[in-house]
Amino acid sequence: MEFYARKCIADPGIDRLHSLLILDNLPKLCASIDSITVNSGHTGDLYCLWGAFEVSREPLRCGARFSLLDCPHALSWTITYNTQQQELIVHCTIDKAEVDPDFAESIQLFVDDCSVGMDEALR
């Protein structure tokens, strides 16, 4: 399944976006993430609305991808900026085509929290 949130914002600059999208900042950028308990740069441990998980960060040309490495649903999300559309995009995927509606709702809440947090951080 895929989940999205889009926000039209002025170009934040890729360097600024990359400097924001680090593991230590995730709790500030997404209300659904409570804490980062271990951080070794590109991997760490986080605690979020679904519990504790190992997380990895992969820089992308126009943002970053985060993956919950031990998540039973292979949840990952990207935060990127589309310069042509002047749009910040949060895109989240899991490895199931269908899930319980409550779980799908919690994933959309997570995506929306990331979108709101990024919007606030980039103002």
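Glu-58 and Arg-65 bring their side chains together in a salt bridge, with 3.4 Å from N to O, where a salt bridge is a side-chain nitrogen of Lys or Arg within 4 Å of a carboxyl oxygen of Asp or Glu. The model is a predicted one, in which local features need pLDDT of at least 70 and side-chain atom pairs count only at pLDDT 80 or more, while totals for chains, interfaces and linings use all residues. Residues are numbered from 1 along each chain as its sequence is written, and side-chain values use heavy atoms, with hydrogens and water left out.

Both partners of this pair are partly exposed, Glu-58 with a relative accessible area of 40% and Arg-65 at 29%; on this scale buried means under 20% relative accessible area, exposed means over 50%, and partly exposed lies in between, for a 1.4 Å probe and protein chains only. A search of the whole structure finds four salt bridges, and one of them joins Arg-6 to Glu-87 at 3.6 Å from N to O. That pair links distant parts of the chain, since Arg-6 belongs to strand S1 (residues 2-8) and Glu-87 to strand S7, 81 residues apart; helices (H or I, at least four residues) and strands (E, at least two) are DSSP runs, numbered from the N terminus. Glu-87 counts as buried, at 15% relative accessibility. Another salt bridge is formed by the side chains of Lys-96 and Asp-95, at 3.0 Å from N to O, and here Lys-96 is partly exposed with a relative accessible area of 30%, as is Asp-95 at 44%.

The cysteines come next. A disulfide is a covalent bond between the sulfur atoms of two cysteines, and the rule applied here asks for a pair of cysteine sulfur atoms within 2.5 Å. By this rule the count comes to zero disulfides. For Cys-114, the closest cysteine sulfur, in Cys-30, is 3.1 Å away, which is too far for a bond, and Cys-114 is buried at 3% relative accessibility. For Cys-48, the closest cysteine sulfur is that of Cys-71, at 8.1 Å and likewise too far for a bond; Cys-48 is also buried, with a relative accessible area of 2%.

A cavity is a set of points, on a 1 Å grid over the protein atoms alone, where a 1.4 Å probe fits but cannot get out, and lining residues have an atom within 4 Å of a point. The structure holds one cavity of 30 Å³ or more, and the largest cavity has a volume of about 40 Å³, a volume being the space filled by probe spheres set on the points, which are joined across faces, edges and corners. Helix H2 (26-29) and strand S6 each supply at least two residues of this lining.

Finally, two residues other than glycine have a positive phi. Ala-74, with phi near 55°, lies in the loop between strand S5 (63-68) and strand S6 (76-82), and is partly exposed with a relative accessible area of 40%. Gln-86, with phi near 50°, lies in the loop between S6 and strand S7 (87-93), and counts as partly exposed at 44% relative accessibility.

Terms used
1 Å grid on protein atoms, 1.4 Å probe; cavity = no way out; pocket = protein on both sides within 12 Å on 5 of 7 lines; lining within 4 Å.
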